Amino acid sequence: MLAVKRFGDARVALPALVVVNLLPLCGVLFFNWSVYEVLLLYWSENIIIGVFNLARFWTLLRRRGDYSVLFLGPFFCVHYGGFAFGHLIFLRALFGADSGGGELSGMFAASFLALLASHGISYFVNFIGRREYEQVTTRELMSAPYARVAVLHLTVLFGGFAVNALGQPGYALAILVLVKLGMDIVAHRREHRRLQAQVANAA
């Protein structure tokens with residue numbers, strides 16, 4: 001654990017986020033991914049975010065003895081799970097006709113696993129290693145995934161409509177991927193700067 005603490009967000013977690021978010025760009029440029037395949041990968045990231053949010057709840061239980069998570073954790077699973085399922089239905093209804101099977105490809109699987117690893121790195125480096133769990137509240141954990149997903153995916157969905165309207169040219173999809181990357185960086189830095197400030201003030 002001491003080794004984890006020596007690595008700051010800027011040295012590990014943020015570079016990992018950038019690298020793995022460039023993998024969909026490879027899917028677009030070299031594997032002819034459609035709008036649906038790109039958006040499906042971004043939807044799958046919602047599931048990863050939800051899983052690690054549950055890990056954060058568990059951390060509050062184990063390290064702070066916050067037993068409210070025994071109720072809030074299952075409630076989050078049902079509520080966020082319903083939200084994610086509705087998002088998937090919406091995505092398939094609007095863009096599913098463009099599916100080319102890329103979601104089952106090796107590149108898609110590699111991109112998903114890379115996103116999983118990136119969020120895992122952020123969890124261990126920031127939430128555990130930099131002790132963000134000491135200051136975060138269960139209310140913040142309940143709302144944080146929705147705030148990130150809502151803003152990000154509304155932008156991405158509207159971008160998907162624009163790309164479709166243009167006939168899905170590769171350059172437009174590449175721009176969409178880069179826009180998502182930029183928004184991810186901003187959201188990541190904002191979240192962890194706030195939590196680290198809270199940790200520093202409490203020290």
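This is a predicted model: local features need pLDDT of at least 70, side-chain atom pairs count only at pLDDT 80 or more; totals for chains, interfaces and linings use all residues.
How many residues does helix α4 have, and how far does the helix reach from its first C-alpha to its last?

**View 1. Helix α4 and its surroundings.** Helix α4, spanning residues 35–64, has 30 residues and reaches 43 Å from its first C-alpha to its last. This span is close to the 44 Å expected at 1.5 Å a residue. Of the 30 residues of α4, 22 are buried, so the helix is largely enclosed by the rest of the structure. Gly65 follows α4 and has a positive phi, near 65°.

**View 2. The overall architecture.** The protein contains eight helices and zero strands. Its elements run α-α-α-α-α-α-α-α from the N terminus on. Of the 203 residues in the protein, 46% are buried. Among contacts between residues at least 6 apart in sequence, 87% join residues at least 24 apart. The protein exposes about 10,100 Å², of which carbon and sulfur atoms supply 69%.

View 3. Three salt bridges are counted in the model. In one of them, Lys180 pairs with Glu45, and the closest N and O atoms are 2.6 Å apart. Lys180 lies in helix α8 (residues 170–202) and Glu45 in helix α4, so this pair ties together parts that are 135 residues apart in sequence. Both Lys180 and Glu45 are buried; the relative accessibility of Lys180 is 0%. Lys180 also forms a salt bridge with Asp184, again with the closest N and O atoms 2.6 Å apart. Asp184 and Lys180 are four residues apart in helix α8 and are therefore separated by about one helical turn. Asp184 counts as buried, at 1% relative accessibility.

**View 4. The salt bridge between Arg131 and Glu134.** The side chains of Arg131 and Glu134 meet at 2.5 Å, N to O. Arg131 is partly exposed, with a relative accessibility of 32%. Glu134 is likewise partly exposed, with a relative accessible area of 31%.

**View 5. Aromatic pairs between helices α5 and α7.** The count of aromatic pairs comes to 12. One of them joins Phe76 and Tyr146 in an edge-to-face arrangement, 6.4 Å centre to centre and with 80° between the planes. Phe76 lies in helix α5 and Tyr146 in helix α7, so the pair ties together parts that are 70 residues apart in sequence. Phe76 is buried, with a relative accessible area of 1%, and Tyr146 is buried at 17%. Tyr146 also forms an edge-to-face pair with Phe83, 5.5 Å centre to centre and with 65° between the planes. Phe83 belongs to helix α5 and Tyr146 to helix α7, so this pair ties together parts that are 63 residues apart in sequence. Phe83 counts as partly exposed, at 32% relative accessibility.

**View 6. An aromatic cluster.** Phe52, Tyr123, Phe124, Phe127 and Tyr133 form one aromatic cluster.

View 7. Phe90, Leu94, Leu154, Phe158 and Phe161 make a nonpolar surface patch of about 490 Å². Helices α5 (69–95) and α7 (138–165) each supply at least two residues of the patch, and α7 gives the most, with three residues. Phe158 is placed in helix α7. With a relative accessible area of 58%, Phe158 is exposed.

Definitions and conventions:
Residues are numbered from 1 along each chain as its sequence is written. Side-chain values use heavy atoms; hydrogens and water are left out. Patches are made of residues with over 30% relative accessible area and no salt bridge: like charges are joined within 9 Å, nonpolar side chains (Val, Leu, Ile, Met, Phe, Trp, Tyr) within 5 Å. Accessible areas come from the Shrake-Rupley method with a 1.4 Å probe; for residues, only the protein chains shown count as cover. A salt bridge is a side-chain nitrogen of Lys or Arg within 4 Å of a carboxyl oxygen of Asp or Glu. Buried means under 20% relative accessible area, exposed over 50%, partly exposed in between (1.4 Å probe, protein chains only). The expected span of a helix is 1.5 Å times one less than its number of residues. Contact means heavy atoms within 4.5 Å. Rings of Phe, Tyr and Trp (its six-membered ring) pair if their centres lie within 6.5 Å; planes under 30 degrees apart count as stacked, over 60 as edge-to-face and the rest as tilted.
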